[in-house]
Amino acid sequence: MSLVADEITKRFRDVTAVDRLSFTVQEGSLFGFLGPNGAGKTTTMRVILDIIRPDEGKVTWQGQTFHRLGRGFFGYLPEERGLYPKMRVAEHLEFLGRIHGLDRRKAQAETERWIDRFEIGELSQKRIEELSKGNQQKVQTIGTMLHDPELLILDEPFSGLDPVNTALLKEVLLEAHKRGRTIIFSSHRMDQVEEICKDIVLIDQGRSVLHGNLRQIKKSMGRQILRIALEGKEDFWARIPGLEPVASRSDYQEFRLGDGVDPNDVLHAAMQAGQVIRFELVEPSLDQIFVEKVGARV
Amino acid sequence: MSMIPVLVKREFTSRVKGASYVVTTVIGVLVFVALSFLPPIVERFSQSMAPGHIDLVLYEQPGESSIFPYLEEVSTLREGFTVRSSSGLSEQEAYRMVLDEGLSGLLLVDGPLYTLVTTDGTNMMLNGEIENILNQAVSRGNAARLGLSAEDMASLFSKVDLRVREVSPLGEDGEELDSVAQAQAMVLAYFLLFMIYMALIMYGNMVASGVAEEKSSRIMEVMVSTVKPMELMLGKIIGVGSLGLLQFFIWIGTGFLMNTMGSSRILGQVLGAGGAVSTIPLETVLWFGLYFILGYFFYASIFAAAGALVSRVEEVSQVVTIIMMLIMVGFFAAYASFLNPNSTWRSLPR
């Protein structure tokens, strides 16, 4: 009961964009598709959508190949946004609804509903080309979800949205998730992925680097991050071998524990250096995992 | 369920209100209206250009056989032409007379040499007219010398009108056509050919730039994730094609309207039906429709492919040029096959 990418490989001349990539997306999950620029995310999405065919391997949905599935199955928001610039907003949304298999009545009703939801009623009779980039993106995002597709594939859905609309979109995505829809989305914003996703795949150079449940991934990385805030000699850590500073914020400092360093020893040293306000052993953030897995190569 | 109707509708409605479409349609209508007013205007101009009166003074070298009587004969037949002899005057005095009385010119005849002395030497209409008159007079003179009567002359220059009756090898009798009807048939065919040619270039370009626009605006990616590429292309071609048909209907309709309203009946004349458009055989119209649709689909698909080769609308014109040449080759081939519709290379495709 899931989407399975099985050893897919796609080459463009002598560049291998996707290299024997395998991953599974459970039906009804919110799936984060991560990777640095040029890792092959968009290519993989296009393969899933059957826009391009892989050279090897295949993608299946519940054991079926994708081109057997109906029109309304997918909703796709490409990274490079595009709409017909001369069409009016409501007209365009209705058109997108119709080519995704809705009849005219339903397309009109859904257009109205979504325009209300995203509060763009005053734009509905404007031409796409007259809208701002952010509003165009809103319209296109609506166009992807208008027909309530079984599988939503969103390439960087949050980029270019202001905080209000980001929150709105998150809400909408979570609603779709509750209805049992499967959502795959890519993002550069790890905090957003952490907030929404339960499962992820992290790819680099066309290969899967990390794949699975986000919580388990984090657990497997170990609690190796130490957050300390104290009033006193803040540079006490310099005397402790194996403690590597990762980030310095105004409210606390973050360290990575080296092998064989006992957190208790660190706490002891900190207490001697001054008043300890905060001492916390945390899981690495997705951001840090990302940098560790991908940044190691760079 | 096919998505073609939805795509056609989008293609049609989004373009039909576009500025470029409206403007070209209106300009086309204006051209048709102007065309129907053209013949009377041209007529008026050509009337004003034609020399009204031609008054000549003839100065001949003495001793030659005079052309004067024959010129006089022509002057009785042709309105607005007078001639008088300069007998007794010198060349200078004769020219003085032309100037004083404001005549058209002085005609000097010296053996086979004819010279017109005039102040209005660049008036081509006048020169041509006088040459015409002279030729008539000289022919009359020659005829008289040979002892031919006017009837003899007429029969000498009479022309044959070849009538053609095409008969099939099976002995089926065809229609009999005289040369005027033949010419009219050809003009009709040429007109229809030109319409196809124009439509292909105009709407083919529209298809190509439409495809390129979809590519450059990136909507293509969304479209192909749900619509089959074939549907996408057919939707575009049919959509643009129906726009084209609408435009042609408007133009031809204007032509018909002007034809029935105006006195000029230009469209009927152009179509070779002598003013009555209804005499065009229905069969011809149907064949035209069929070839129009086939040709349009064929070339529009090539245009669509050309549009898919580039990624920006600005680059379309480069690839489209090649196809235009292809269409031009077809156009000239069709034109050449007018001359002999049964020639080998014309019948090759059969």
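## Helix packing, a sheet and a chain contact

In chain A, the axes of α2(A) and helix α4 (residues 133-145) come within 9 Å and cross at roughly 30°. Angles under 35 degrees count as roughly parallel, so α2(A) is roughly parallel to α4(A). The crossing of these two helices is right-handed. On the α2(A) side, the contact is made by Val89(A), His92(A), Leu93(A) and Leu96(A), and on the α4(A) side by Val139(A), Ile142(A) and Gly143(A). Sorted by class, the residues of this contact come out as five nonpolar, two polar and no charged. Keep in mind that this is a predicted model.

Chain B has a helix pair to look at too. Helix α3 (residues 68-77) of chain B packs against helix α5 (residues 124-146) of chain B at an angle of about 120°, with the axes 8 Å apart. That angle makes α3(B) oblique to α5(B). Here α3(B) passes α5(B) in a right-handed crossing. From α3(B), the contact uses Tyr70(B), Leu71(B), Glu73(B) and Val74(B); from α5(B), it uses Ile133(B), Gln136(B), Ala137(B), Arg140(B) and Gly141(B). By class, that gives five nonpolar, two polar and two charged residues.

| Helix pair | Crossing angle | Axes |
|---|---|---|
| α2(A) and α4(A) | roughly 30° | within 9 Å |
| α3(B) and α5(B) | about 120° | 8 Å apart |

Now for the sheet in chain B. It is an open sheet of four strands, in the order β2-β1-β3-β4 (chain B), and the pairing is mixed. Its edge strands are β2 (81-85) and β4 (113-117) of chain B, each of which pairs on one side only. From one strand to the next, the twist averages 25°. Strands β1 (residues 54-60) and β3 (residues 105-110) of chain B pair in the parallel sense over five bridges. Helix α4 (residues 91-101) of chain B lies across β1, β3 and β4 of chain B, running at about 175° to β1(B).

Finally, how do the chains meet? The contact takes 18 residues from chain A and 14 residues from chain B. On the side of chain A that touches chain B, β6 (74-77) and α2 (89-99) of chain A are the elements that give two or more residues. The largest share of that side, three residues, comes from α2(A). Its residues divide into 11 nonpolar, two polar and five charged.

Methods. Residues are numbered from 1 along each chain as its sequence is written. Chains are lettered from A and ligands numbered from 1 in the order in which they are written. This is a predicted model: local features need pLDDT of at least 70, side-chain atom pairs count only at pLDDT 80 or more; totals for chains, interfaces and linings use all residues. Two strands pair if DSSP finds at least two bridges between them. Axes are lines fitted to C-alpha atoms, for helices over the stretch in contact, and angles run from 0 to 180 degrees between N-to-C directions. Two residues are in contact if their C-beta atoms, placed from the backbone, lie within 7 Å. Angles under 35 degrees count as roughly parallel, over 145 as roughly antiparallel, 65 to 115 as roughly perpendicular and the rest as oblique. A crossing is left-handed if the near helix is turned anticlockwise from the far one by less than a right angle, and right-handed if clockwise. Ala, Val, Leu, Ile, Met, Phe, Trp, Tyr, Cys and Pro count as nonpolar, Asp, Glu, Lys and Arg as charged, and the others, Gly among them, as polar.
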